Amino acid sequence: MVRCWSIASCGKAVSAENHETRRARIAEIALGVIAREGLESATIRRIAAEVGYSTAVVTYYFENKQDLLLSVMALLGELNRARFDECAARTPPDLVGYLLSMSAIRPEDRANWRAWVSFWERSLDTPELAVELRGWIGQVLPRIEWFIAALAPAHAERTRIATQLFDLV
């Protein structure tokens, strides 16, 4: 593992592609820390140590911890979208698989579920995270509605059913 102790040692001139790749890598590491140890343990110092960068390098890519947490939430949203695409492509579309991916029932989904629970709790006190969480819910509900439309096209109460199914997970 290459350790970067300063911006200079990692290369000051970072291409836009490398910049986004490194931001994504740091967000992935942060997601792992949050999933294993909770939001309180996800300090810039802890994440920097795990990714092999100095705190200066991490703060080069993320203005502050809040910026990093918002990126982790965006990553969780991307993972959820990928899971939707995977379940929607099945024949028949796999609504149950999609719903289960947002729960802690299957071992492969528990880490993301733990992270989401941490974000739900923190969003009670952090307006920025609450806005992001509401945005995520605003993306998930239409996905669940899509499944209902695909599986029961004549059903008129898709929104109500989607909300009730989401509430279950």
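Helices here (H or I, at least four residues) are DSSP runs, numbered from the N terminus. The model is predicted: local features need pLDDT of at least 70, side-chain atom pairs count only at pLDDT 80 or more, and totals for chains, interfaces and linings use all residues. Residues are numbered from 1 along each chain as its sequence is written, and side-chain values use heavy atoms, with hydrogens and water left out.

Start by selecting Ser 101, Met 102, Trp 113, Trp 116 and Trp 136. Of the 17 residues lining the largest pocket, these lie nearest its centre. A pocket, on a 1 Å grid over the protein atoms alone, is an open set of points where a 1.4 Å probe fits, with protein on both sides within 12 Å along at least five of seven lines; lining residues have an atom within 4 Å of a point. The space in this pocket is about 350 Å³, a volume being what is filled by probe spheres set on the points, which are joined across faces, edges and corners.

Next, colour helix 5 (65–88), helix 7 (110–123) and helix 9 (158–168): each gives the largest pocket at least two lining residues. Helix 7 contributes the most, five. By type, the lining has 10 nonpolar, three polar and four charged residues (nonpolar: Ala, Val, Leu, Ile, Met, Phe, Trp, Tyr, Cys and Pro; charged: Asp, Glu, Lys and Arg; polar: the others, Gly among them).

Now move to the second largest pocket, about 170 Å³ in volume. Select its lining, including Glu 20, Arg 23, Phe 62, Ser 71 and Glu 78. Helix 2 (16–37) and helix 5 each supply at least two of the lining residues, with helix 2 giving the most, five.
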